[in-house]
Amino acid sequence: MRQMKAALGTLVLLGITILPTLTVAKEDKQITLTPIGRYDARSVITDIERAEIAAYDPATRRIFSINPTLFRVDVLDISDPTDPVLAFTIPLGGRPNSIAIHKGVLAVAVENAIKTDPGFVKLFNTEGSLLNTITVGALPDMLIFTPNGKRLLVANEGEPNSYGLPDSV
């Protein structure tokens, strides 16, 4: 009988804990978004997509977007958000995979031409001047600054040079 009361008490407490969560989950929240501006990064001649990942800098009102096709960063001025304009580009010398910004420092992950070799993170200021280049693991694929900006986290994809072959690296 004592075990039955303990089990019943546990079920009541569990129900009290879960019930408010279920009530909140039933509330339907909707977000409505309306585009106010557009920038087309495709080439008129080749119609190849050119924008993949972007980071916004509120201090300069610019969007920094990696352009993997042309091995560069496209910098868009959105001081008038209804009319984004390409302000300038930052050449990278390799294919970019990710981008992040924190307080005026732009970090760009760049893969090595040989995908199994170490890649790089290139650090720039918001005017496009190179500050530093750091060697990282193979195929750096995701960047994020810690909230205080003291560290930059790099996720490396590290794919093999081939799949299922005896000499895969």
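Predicted model: local features only at pLDDT ≥ 70, side-chain atom pairs only at ≥ 80, totals over all residues.
Aspartate 74 itself is buried, at a relative accessible area of 3%. Side chains of opposite charge can pair when their charged atoms come close.

Now look at the strands around this pair. Strand E3 covers residues 72-77 and runs antiparallel to strand E2, residues 62-67, with six bridges joining the two. Find aspartate 74 again: this residue of E3 is the bridge partner of serine 65. Between E2 and E3 the hairpin has four residues, and phenylalanine 71 takes a positive phi near 55 degrees there. E3 also runs antiparallel to strand E4, residues 85-91, and six bridges join them. Here valine 75 has phenylalanine 88 in E4 as its bridge partner.

Let's return to the charged pairs, for the count of salt bridges comes to four. One of them joins the side chains of glutamate 127 and arginine 62, at 3.2 Å from N to O. This pair links distant parts of the chain, 65 residues apart: arginine 62 sits in strand E2, while glutamate 127 is in the loop between strands E7 and E8. Arginine 62 is buried, with a relative accessible area of 15%.

Another salt bridge connects arginine 95 and glutamate 111, whose closest N and O atoms are 4.0 Å apart. Arginine 95 lies in the loop between E4 and E5 and glutamate 111 in the loop between E6 and E7, so the pair ties together parts 16 residues apart in sequence. Arginine 95 is partly exposed, at 33% relative accessible area.

Conventions. Residues numbered from 1 in each chain as written. Heavy atoms only, no water. Pairing = 2+ DSSP bridges. Buried < 20%, exposed > 50% of the residue type's maximum accessible area, 1.4 Å probe, protein only.
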